Amino acid sequence: MMLDLDNFKTINDVHGHSAGDAVLKQVAARLLQVLPPHNLLARLGGDEFACAFVFDPEQPRMVERIADDLIEAIATPIVENGIELAVTTSIGMSRYDSESEGVDLLMRRADIAMYSSKKQGRNRHCWFDANMEQELQTRSLLETGMRMGIPNGEFVPYFEQQIDLATGKLTGFEVLARWESPTQGLISPEIFIPIAEETGMIGDLSLSIMRQALDHAKYWDASVTISVNISPVQLLDPWLAQKIVKLLVETGFPPSRLEIEITESALFENLSLAQSIVGSLKNQDIKIALDDFGTGYSSLAHLRALPFDRIKIDRSFVSSLLGNAESKAIVKAINGLGESLGLPITAEGIEDKDTENELRSIGCAQGQGWHYGRPLTVPETRKILAKRNLLPAGELEDAAAAQAAPGPPPSDKDLMQKAS
């Protein structure tokens, strides 16, 4: 078994290293109490432990019971100097058999299973299987490709149309990231965004996409806005506002045409830092939207705490609007809330005319989704703008050239299959 403590860093950061040391000692004592006799137990470093013991191969459930007991024992709060300190553990398990090549392989497999436990939500155990190793190798290849691809310009912006539901006019675009890999083709953000967030590459990736989008969009009609979604990881960067303002200065894009989208879950991590970042952006005349409204922790509290300019209804409510009375009631309630606060509402995930008509009757101001077309490349976006007379004369030649460009990009389902 490989065991890694969940959220141990928080204890060190908040209560100091003496509290962290006390937790490690208490965890070690609890491990000894729970494990069967004649075990091997070690702390490998930091907050990671390993143990080994013999068990009946016909009774693997015995190992799972021990893992359950370990998880329960470690989760019991530890009292140190009158303060309750709580940690949990993620456990990976592997078993030695005739095909194993030694203890190094046994530990490596348990380690892979441990990270799988963390990925599945932490505070749980998981047996190793061969698929985990294949997944890890695939992820490693993707990570390596991303580290080279970001500075090489392989990550590019795509643009999803945002439509005024009352008039049908194109008001702007949400910027989406796509990876044009030279070896794997077009890769969906559902594959690479989690890796970027876990590895710390999300900041460089996001700023690269934003710079490209602003460079192109600064030449478009002044009525066309650009919306960019900020990752929860980025919102923990105290210099984020300065980095965005620097991009605006360097590209010459008007701040009033930029809208930054923040999800509710991002605010849960550090509200005070988010308030500081949002305040700095608002001072530059940048708009702020609350994204995925209704799926977070404390929506009304966040609306009161931060000066938002727009609310975006999560696509899960919009997609089920016609067939689910509860979703319809929620959309109506959010729209009413927006009206009372003077905040326009954007509905995400509109995929058909009937849904659009229903949202229009409810009073939603703006909509986006595949009903208006798939996300577009830069040439395809220019083509759409030219049709709507939203391109300056100098850009029209480029738009005409886009007529010969390939059709709309493949669906995300196709992209996922291709990437896999």
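The structure is a predicted model, in which local features need pLDDT of at least 70 and side-chain atom pairs count only at pLDDT 80 or more, while totals for chains, interfaces and linings use all residues. Residues are numbered from 1 along each chain as its sequence is written, and side-chain values use heavy atoms, with hydrogens and water left out.

**Overall build**

The protein chain contains 17 helices and 16 strands; these are DSSP runs numbered from the N terminus, with helices (H or I) of at least four residues and strands (E) of at least two. Along the principal axes, its C-alpha atoms fill a box of roughly 80 × 50 × 45 Å. Of the 420 residues, 46% count as buried, a term for under 20% relative accessible area, with exposed meaning over 50% and partly exposed in between (1.4 Å probe, protein chains only). Contacts are defined by heavy atoms within 4.5 Å. Among those between residues at least 6 apart in sequence, 66% join residues at least 24 apart.

The chain carries 39 positive and 59 negative charges, whose mean positions are 4 Å apart. Lys and Arg count as positive and Asp and Glu as negative, whereas His and the chain ends are not counted. Each charge is placed at NZ of Lys, CZ of Arg, CG of Asp or CD of Glu.

**Aromatic pairs**

Rings of Phe, Tyr and Trp (its six-membered ring) pair if their centres lie within 6.5 Å; planes under 30 degrees apart count as stacked, over 60 as edge-to-face and the rest as tilted. By this rule there are six aromatic pairs. Two of them are set out below.

| Pair | Centre to centre | Angle between planes | Arrangement |
|---|---|---|---|
| Phe159 and Trp220 | 5.3 Å | 70° | edge-to-face |
| Trp179 and Phe192 | 6.3 Å | 85° | edge-to-face |

Phe159 belongs to strand 8 (residues 155-164), and Trp220 to the loop between helix 7 (202-217) and strand 11 (225-230); this pair links distant parts of the chain, 61 residues apart. Phe159 and Trp220 are both buried.

Trp179 is in strand 9 (residues 170-181) and Phe192 in helix 6 (residues 189-199), so their pairing ties together parts 13 residues apart in sequence. Trp179 and Phe192 are likewise buried. Ring pairs also join Phe155 to Trp179 and Phe192 in a cluster.

**Charges over rings**

A charge sits over a ring if NZ of Lys or CZ of Arg is within 6 Å of the ring centre and within 35 degrees of the ring normal. The charged end of Arg178 is placed over the ring of Tyr158, 5.6 Å from its centre. Arg374 lies over the face of Trp370, at 3.9 Å from the ring centre.
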